[in-house]
Amino acid sequence: MVTSKQMYDKVKLWIDRAIIGEQYANIANYLDNANTHINHQTGEIKTFGSLEGLKVSIFGGGLSVTGSLPKYLYGSNAYSLDRRTTAQAIEKISDALHLQVNEANVTGLEFGTNFLMKHQVSDYLAKLGSMPRLGRYHFDPSTLYYKGTGKQQPKVFVFYDKLQDIKAKGADYPDAWKGENLLRYEMRFKGRLPQQLEVQEVKASTLHQVLFYGMMVKRYQDNYFSISKLNQIKTDVMSEIKTVRDAFNVFVARLINQSDQTQIGDFLDELKEAGVFDDRKNYTRLKNKIQEVATNANITISDELMRELDDEIKNCGDYL
């Protein structure tokens, strides 16, 4: 299978007015469909426009630029951008706005890539289990989210059928993708990126630095491998059964690995809603116990589909 090493897609940049300088008054002239709004109570002036698909908002303290870098650079976000092409996209924005965008703060970032798989995307998503400290949301067979429960979502991990997503949006895609199973996995960050990513700063120029890009790839891989996976029951598992307990564990493991991970999550949610345990740690203990039985080395082996996806995730970090 061929895996793309291109990772950057949507970004949100904030460019402080101090960086813009005298050029600030002219920026609206470079935008498409620029509209100015005045708050008659406060006197605040805001201008909203676009730049070849990017959304540009001009405020008193500076401006924000939001959108897909590959779509801006190539007219399509079918593929993400690597370090080199990300630098080209930033340079193109700088030229269009007549200012130095490299110094912009990155306040939102999507990092991910596409994988050509042997089977339907939904088959892989059904076998991905829980991720530490994040909820699992799988309302649609072709889309799987891992995110927190609050209104603010500073960190989200998503797996989805990229080809189905492109078709739904009516966008173009390469002819070679027709009939293919295209799984996309991406990380989405917003808000205080330096604190989340444990770095001193995240500027537009940071995105195409070798060390930062390598760190992002490793984080991408590590978060994937923190997800529990459904396994296959060994074909010769009967030879492992010596006691009634062994037989019980084989039976339970078989049921768990034949079910969708959503059913496990639904059961845990049902227990929480009913207030079954006084100590909330017991829900985590139960989830760990279920996972322990489902992945018992004496009973199961790694699932074929999960081995395929594991290999793809490992290989995406080969070339930076």
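Biologist: Which backbone oxygen does the side chain of Lys 229 reach at 3.3 Å?

Modeller: That of Tyr 224. The side chain of Lys 229 also reaches the backbone oxygen of Ile 227, at 2.7 Å. A polar contact here is a pair of N or O atoms within 3.5 Å; within protein, one must be able to donate a hydrogen and the other to accept it, and residues adjacent in sequence count only if both atoms are side-chain atoms. This is a predicted model, in which local features need pLDDT of at least 70 and side-chain atom pairs count only at pLDDT 80 or more, whereas totals for chains, interfaces and linings use all residues. Residues are numbered from 1 along each chain as its sequence is written, and side-chain values use heavy atoms, with hydrogens and water left out.

Biologist: Where does Lys 229 lie?

Modeller: In the loop between helix H7 (210-225) and strand E11 (231-233). Helices (H or I, at least four residues) and strands (E, at least two) are DSSP runs, numbered from the N terminus.

Biologist: Is Lys 229 buried or exposed?

Modeller: Lys 229 is buried, that is, under 20% relative accessible area with a 1.4 Å probe and protein chains only. It has no salt bridge, a term that requires a side-chain nitrogen of Lys or Arg within 4 Å of a carboxyl oxygen of Asp or Glu.

Biologist: Now the pockets. What volume does the largest pocket have?

Modeller: About 800 Å³. A pocket is an open set of points on a 1 Å grid with protein on both sides within 12 Å along at least five of seven lines, and lining residues have an atom within 4 Å of a point. The volume is the space filled by probe spheres set on the points.

Biologist: Which residues lie nearest its centre?

Modeller: Of the 27 lining residues, they are Leu 134, Gly 135, Arg 136, Asp 269 and Lys 272. Helix H9 gives the most to this lining, with 8 residues.

Biologist: And how large is the second largest pocket?

Modeller: Its volume is about 670 Å³. It is lined by 30 residues, and the closest to its centre are Asp 9, Ser 68, Asn 77, Asp 165 and Lys 169. Here H5 gives the most, with 5 residues.

Biologist: Lastly, how many helices and strands are there in the chain?

Modeller: The protein chain has 11 helices and 12 strands.

Notes: Buried < 20%, exposed > 50% of the residue type's maximum accessible area, 1.4 Å probe, protein only. Lys, Arg positive; Asp, Glu negative; His and termini not counted. 1 Å grid on protein atoms, 1.4 Å probe; cavity = no way out; pocket = protein on both sides within 12 Å on 5 of 7 lines; lining within 4 Å.
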